[in-house]
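Please keep the sequence and the model side by side while reading.

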Amino acid sequence: GHEDVRQLALLSRVRLAIGDPERQKFTDIQSNLDAIERYGVEMGMPRLIADTAFARAEHLLQLGETRHAAKLARKCLEIATANNLRLRQMTALALLAKIYQHRGMLVAAEPLLARAAELADLCDYSNARETTLRRGAPA
């Protein structure tokens, strides 16, 4: 219903703040993500839970915390895989690869990016493939 849409919109706002240091000053990222995740769990919305884990992982990576970011990216991937959320599988694989690249684990990152690209090709998600590969590129 309407609350589902509101939660998705709030998540979008939080993800914009994660990517913009100016917005981060005015957004309580962690408490918003806690509330969104809680809603997703209560309402049985695996996509929202996966997206919340993804956003947390992105935020932690931006802060330089790679160990917990990797754990959250894997959580996103697990939820996406269990619920056949192909687009989220691709983006989670690319994010995990990026985290591994930041940790200097280039050999571990390569097959993750290759699998993300393979999933995009299998699903004929050409735009997702481009975005996924860009996300996996070293920053």
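## The residue after H3

Helix H3 is followed by Gly 44, whose phi is positive, near 65 degrees. Helices here are DSSP runs of H or I with at least four residues, strands are runs of E with at least two, and both are numbered from the N terminus. The model is a predicted one, in which local features need pLDDT of at least 70 and side-chain atom pairs count only at pLDDT 80 or more, while totals for chains, interfaces and linings use all residues. Residues are numbered from 1 along each chain as its sequence is written, and side-chain values use heavy atoms, with hydrogens and water left out.

H3 covers residues 29-43, and its 15 residues should span 21 Å at 1.5 Å a residue, which agrees with the 21 Å between its end C-alpha atoms; the expected span is 1.5 Å times one less than the number of residues. Within H3, the buried residues are Ile 29, Leu 33, Ile 36, Glu 37, Tyr 39 and Gly 40, where buried means under 20% relative accessible area, exposed over 50%, and partly exposed in between, with a 1.4 Å probe and protein chains only.

Seen down the axis of H3, these buried residues fall within an arc of 155 degrees, so they line one face of the helix; the arc is that of the directions from the helix axis to the C-beta atoms. An α-helix has 3.6 residues a turn, so residues three or four places apart point the same way. The buried residues of H3 pack against helix H1 (2-18), helix H2 (21-24), H4 and H5, whereas the face turned away from the buried side carries the exposed residues Val 41 and Glu 42.

## Two nonpolar cores

A nonpolar core is a set of buried Ala, Val, Leu, Ile, Met, Phe, Trp, Tyr and Cys residues joined through side-chain atoms within 4.5 Å. The largest such core has 29 residues, and those with the most contacts inside it are Leu 95 and Ile 99. Helices H4 (46-62), H5 (66-82), H6 (86-102) and H7 (106-122) each supply at least two residues of this core, and H6 gives the most, with nine. A second, separate core of twelve residues includes Ile 29, Met 45, Leu 48 and Ala 55.

Leaving aside neighbours within four places in sequence, Leu 95 is in contact (heavy atoms within 4.5 Å) with Phe 54, Ala 57, Glu 58, Leu 61 and Ala 73.

Ala 109 is found in helix H7 and is buried, with a relative accessible area of 1%. Leaving aside neighbours within four places in sequence, Ala 109 is in contact with Ala 97, Tyr 100 and Gln 101, and its C-alpha atom is separated by 9.5 Å from that of Leu 95, 14 residues apart along the chain.

His 59, in helix H4, is also buried, with a relative accessible area of 7%. Not counting residues up to four places away in sequence, His 59 touches Ile 18, Gln 24, Ile 29 and Gln 30.

## The chain and the confidence in it

The secondary structure comes to eight helices and zero strands. Of the 139 residues of the chain, 42% count as buried.

The chain averages a pLDDT of 88, with 88% of the residues scoring at least 70; pLDDT is the predictor's confidence in each residue, from 0 to 100.
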